[in-house]
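User: Please take a close look at one part of this model, the interface between the two chains. I would like a connected account of what meets there.

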Amino acid sequence: MDRVIPIIINNLDEYASGLLVTLRLVGISFGVAMVVGTLVASLRITPARPLNWIGAFYVETFRNVPLLVLAIIFSAGLSRAGLPLGKMSAASAALGLYTASYIAESIRSGVSAVSKGQIEASLSLGFTYGQTMRQVILPQAFRTVIPPIGNLIIAMIKNSAIVAGSLIALDDILKVARVVNSRTFATNEAFFWAGIGYLLLTIPATIIVRRLEKRFAIRR
Amino acid sequence: MGYLLDPANWEWVFAGRNFMFLVERFLNNIILALITMALSLILGLVIALLRISKNKVTSVVTGIWIDVWRNLPVLLILLYFGLALPQEAKEFWVDIAPGFLPPQIRSSGQVIASIVALTIYNSAVIAEIFRAGIQSLERGQGEAAAALGLPYWKAMRIVILPQGLRRMVPATVSQLITLTKDTSLVSILAIQELVAAGSIVNNTSGSPFGGVGVPAPILQVYVVVGGMFVVFNLALSLLSRRLEVRERKRAGDVETVTGLEDQITIKPV
């Protein structure tokens, strides 16, 4: 580890741009995950059996499949099927749709944590199903859902390395470490700095999530 | 959709030994996951006990150890050990690997790198599961044991751990799901497992296994590969849910530990 300082000084630009690629990938994927996740969650909780099944099928498929396999399907798989996606689109589709299954489950368990009596009460007050959801259930569910979603963002930061490192080959921070390693043979140092880059994102995120968990904890 | 469902693109599944070949290679993923899980449980228990020990220094140091490894991408750890582990260690694995393991696992030195990497990462997660299991117990348990005059370690062994361990079983099974998915990453270290096998079938159009001339398109191959993971992991998650229900029935309404994607939470009553 005697080249720790020179390695970062000589390659600072590359590491910085790698970090930005990682952040962009996580940002776009998070948007995809939230939209699709909310949609799937509402499929799972609407009072219509066939829609519940579709939601359940989505969740069980996407969260039990390795992200690497999804990345291959969304890059090489789709392009062979005549549907070529750009690198960033393929990567964020894979990461976003994968995480959406977890987001959907978090939202669903947040909604089911609100007691059933509240739904019945608001329906008996003459609210429609949509109004009950919007005005009674979702505002409360929101509080329980924030911490798990924070945890999923942390998981996404780590998982971004998988989609970027697959056939898609985005120049994220892990890729930078591999390039620096093959150029300088300073394996320890090259990976050390990539590790620091990830920790710079994940450790503050962990601290924020722990705070939110305390703040949003509902005492019953 | 037409392309995905076109029967001509699925012929490879039944041609020659393609399907069995994939199943055999999936066994390598499962074996790797089980070896890693066994090692992680041992190491994780040690780390968790150090983490909850009354000694401030030990507890802080292990806390940092856990947080650092848990917050790094598993792929980074895997690639690092694949590159940095000395050649001697890799040769050592090839020499000592027990004969009952499949040849692809025995003959690749990178397997030891992947076991080390996955174990370091997973034991940090497992340690958090242990800790959550122990902390979910009512404080009164430890206090009662102390009041009865049991020394710390004895209280740990006969009062706290047996109850804490029960509560963490469902979370451990869900962690095994995450771990099984993570074993797909070792294909990047050129270890022969299911994802690598998929690319062999795709690249050779299934020909070495009897399906000569049958195209094996990459999309369909990886839909099958993904399907195998889904079937296996779905079985595990059903098991995990059933264990959780059983634990709730046995112990009444208690807090249970749940884990999802390496994140551990204590589920309140």
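**The interface of chain A and chain B**

Across the interface of chain A and chain B, 10 residue pairs are in polar contact, both residues at pLDDT 80 or more; a polar contact is a pair of N or O atoms within 3.5 Å, where within protein one must be able to donate a hydrogen and the other to accept it, and residues adjacent in sequence count only if both atoms are side-chain atoms. This is a predicted model, in which local features need pLDDT of at least 70 and side-chain atom pairs count only at pLDDT 80 or more, while totals for chains, interfaces and linings use all residues. Residues are numbered from 1 along each chain as its sequence is written, chains are lettered from A in the order in which they are written, and side-chain values use heavy atoms, without hydrogens and water.

There are also 2 salt bridges between the chains, a salt bridge being a side-chain nitrogen of Lys or Arg within 4 Å of a carboxyl oxygen of Asp or Glu. Asp67(B) and Arg210(A) form a salt bridge, at 3.6 Å from N to O.

On the side of chain A that touches chain B, H9(A) gives the most, with 12 residues; helices are DSSP runs (H or I, at least four residues), numbered from the N terminus. The residues of that side comprise 21 nonpolar, 12 polar and 7 charged.

In total, 40 residues of chain A are in contact with 38 residues of chain B (heavy atoms within 4.5 Å). The two chains bury about 3,500 Å² between them, 69% of it on carbon and sulfur atoms; this is accessible area (1.4 Å probe) lost on being put together, summed over both. Tyr222(B) touches residues including Val69(A), Ile72(A) and Ile73(A).

Methods. Helix = DSSP H or I, 4+ residues; strand = E, 2+ residues; numbered from the N terminus. Nonpolar A, V, L, I, M, F, W, Y, C, P; charged D, E, K, R; others polar. Lists of a residue's contacts leave out its neighbours within four places in sequence.
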